[in-house]
Amino acid sequence: MTVETTQAKLESENTPTPRKRGGRSSREATLAFWGFVTPALAGLTIFTLAPIVWGLLLSFSHAQNTIRIGHFVGLRNYEDLLTDPAFLNSLVTVAIFAAFIVPLTYLVSLGLALAVERVTAGRSFFRTVFFIPSAVSYVVASLIWKVSLFNGLSFGFANQVIGKFGSGPVAWIGATHPPWYWFVLVTVRLWLQVGFFMIIFMAGLQEIPRTVYEAAAVDGAGAWTTFRRITLPHLRNTSIAVMLLTLIAAFQAFDEFYNILGGVGASAGNQVLARPPLIYLYSLALSDQDFGRGTAGAFILTALILIVTLVQGKALGFGRSEE
Amino acid sequence: MKHHQSVVSRLLSYLVLGVLAVLFLIPFYLLLRNALMTDPQITSTRWSWLPIPPVWSNFHKLFTDPAAPMATGLINSGIIAVTTLVFQMLFSSMAGYALARIPARGRNVVFGLIVSTLMIPAAVTFVPTYAVTAFLGGINTRWGIIVPGLFSAFSIFLFRQFYLGFPVEIEEAGRLDGLGYAGIYWRLLLPNSRSILMALGVLAFISSWNAFLWPLVIGQDPSSWTVQVVLSTFLTAQTLNLSELFAAALVGIAPLVIVFLLMQRSIVEGAKFSGGKG
């Protein structure tokens, strides 16, 4: 509510053309508005809105090897998917993944931000070191993780390190107990994304007024109390944003699962170990050319993401404190 | 206030950060090491820390290997990322300006429509968007990879926020000088939008260069593969030997690491724009 009213106020203050002249200037404005907004609006309509509508119709159609709508089958695609153990498994897989990656990303990126903010000498060096993995693609990181870092043979780096402590090589990416491949999949994403969120937390930390800390120090508050009573509450909105962004991204995991566990088809290899929904949808749409079920699955996943986002947002009190 | 921080706790901070920094740099070290070694050196069970002497010929082999379309991939990725950067920034700033500053009927409806697409996660719509792009004949073409990525509701939103806070006086001065809306946008707004253009532009470039799922879906023919698709094919099909594979990966991230180090300030701004201020 408050946001909308302030926004409306901002707009009315900022609208430069007074409407008093009416006629010519308002026609000029209308023309200019549509001229400026049309490229983006047309593009979004063709490549986002239209696909959603078309996809919705496809999801109610029997569309094997075709993207034409017509052979309507009602909710059968949805029923098929929701009773398909492979699809349900993919949802379990992504839930496990999110359960690890979301809290870990939060803790590590917040920890890094606090630690880097604390030091004076070498701060920009540390910031760069933790942030630079953000420039690396999932494909290249997967390549390093799979072929070098967690190579299951004895020349892999992790196996060399544990070998120094007398342990034999571990088959990191394979059907092992415990399932080490989760460690591989979680660490690669952690390495790639914590630097980005560290930057966001550092921006949040810098917005906390110094005076609040000074007052706490005068009151004799210890480090832990200061962190819990001052730092964390001030980072509330940032924390919520970080968790939602990592959660939404985790539900769309594809790249590292595809590249580390093997591709699709003949080279699938270890793909059966952990197949998130996007990998499942990819093979459904691209390999099986079943666009009816492929789009139905996309809508189920979208609905799930929206629900989880809303629930998590509610649980964390989204928009409660708007100071 | 915090001068009482004991020397011990300060040393501890540096120790923790130092250990973490080494851990974070290991993947880069492994990439460099392997790219400059021969295969027998890489697979040797006796670990050697440094590639001595460095095997530079790996790069030569990579670019002369007929089975490795690395040069094509680099060209494709370069064209795609630059085009995406330029046009996404142009379209987004234009729309952001109109939505923030040009009074017209239907403005709120258009804004609502654009914001509503933000609710739909992009990777999830790849199946229906693939269907539409295929229908328009975009499979195996560069434009099929590029065009759907030129329109970003999120950057439009951020540009609108930015222009809402733009001083009205500058616009009014332009109006007195006889500038219309287009003139104001081109002569006054764009030159004063350097910070946001660089911040969001460099992020658009990086994410376009690193994109994988969409180029994989659209570029099925090797002639339209991007660097990421080329590397992924090497990796999952195991068509290359290890030293060439790592040389290829190094070539694939080198342009971005350079861009990153040169533009770090803008990238930090971009991260704040897209994460913290939401």
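## A two-chain helical model

From the N terminus on, the elements of chain A run α-α-α-α-α-α-α-α-α-α-α-α-α-α. That comes to 14 helices and zero strands. Helices (H or I, at least four residues) and strands (E, at least two) are DSSP runs, numbered from the N terminus. This is a predicted model, in which local features need pLDDT of at least 70 and side-chain atom pairs count only at pLDDT 80 or more, while totals for chains, interfaces and linings use all residues. Residues are numbered from 1 along each chain as its sequence is written, and chains are lettered from A and ligands numbered from 1 in the order in which they are written.

Start with chain A. Of its 323 residues, 38% count as buried. A residue is buried if 20 or more other C-beta atoms lie within 10 Å of its own, exposed if 12 or fewer, and partly exposed in between, with C-beta atoms placed from the backbone. Among the contacts in chain A with a separation of 6 or more, 65% join residues 24 or more positions apart. Two residues are in contact if their C-beta atoms, placed from the backbone, lie within 7 Å.

Four residues of domain 1 of chain A are in contact with seven residues of domain 2 of chain A. The domain 1 side of that contact has two nonpolar, two polar and no charged residues. Here Ala, Val, Leu, Ile, Met, Phe, Trp, Tyr, Cys and Pro count as nonpolar, Asp, Glu, Lys and Arg as charged, and the others, Gly among them, as polar.

Chain B is also divided, into domain 1 (2-62) and domain 2 (65-276). The C-alpha centres of its domains lie 32 Å apart. In chain B, 14 residues of domain 1 are in contact with 12 residues of domain 2. Helix 1 (7-35), helix 2 (39-43) and helix 3 (57-64) of chain B each give two or more residues to the domain 1 side. That side divides into eight nonpolar, four polar and two charged residues.

Now the interface between the chains. Here 88 residues of chain A are in contact with 87 residues of chain B. Helix 2 (residues 23-59) of chain A gives the most to the chain A side, with 22 residues. By class, the chain A side has 59 nonpolar, 22 polar and seven charged residues.

One helix pair shows how the chains meet. Two packed helices are described by the angle between their axes and the distance between the axes. Helix 14 (residues 291-315) of chain A and helix 6 (residues 126-135) of chain B pack at about 135°, with axes 8 Å apart. Axes are lines fitted to C-alpha atoms, for helices over the stretch in contact, and angles run from 0 to 180 degrees between N-to-C directions. Helix 14 of chain A and helix 6 of chain B are therefore oblique to each other. Angles under 35 degrees count as roughly parallel, over 145 as roughly antiparallel, 65 to 115 as roughly perpendicular and the rest as oblique. Phe291(A), Gly294(A), Thr295(A) and Ala298(A) meet Val127(B), Pro128(B) and Ala131(B) in this contact.

Next, burial. Helix 13 (residues 227-237) of chain B is mostly covered, with 10 of its 11 residues buried. Its buried residues pack against helix 6 (138-149) and helix 12 (255-260) of chain A, and against helix 4 (70-101), helix 11 (194-210), helix 12 (213-218) and helix 14 (242-262) of chain B.

The largest nonpolar core holds 167 residues, of which Met198(A), Leu231(B), Leu245(B), Ala248(B) and Ala249(B) touch the most other members. Helix 8 (residues 180-206) of chain A supplies the largest share, 14 residues. A nonpolar core is a set of buried Ala, Val, Leu, Ile, Met, Phe, Trp, Tyr and Cys residues joined through C-beta atoms within 7 Å.

Finally, the backbone. The peptide bond from Ile52(B) to Pro53(B) is cis, with omega near -10°. Pro53(B) lies in the loop between helix 2 and helix 3 of chain B. Phi of Gln289(A) is positive, near 55°. Gln289(A) sits in the loop between helix 13 (277-287) and helix 14 of chain A.

Notes:
Domain bounds come from an automatic or database domain assignment.
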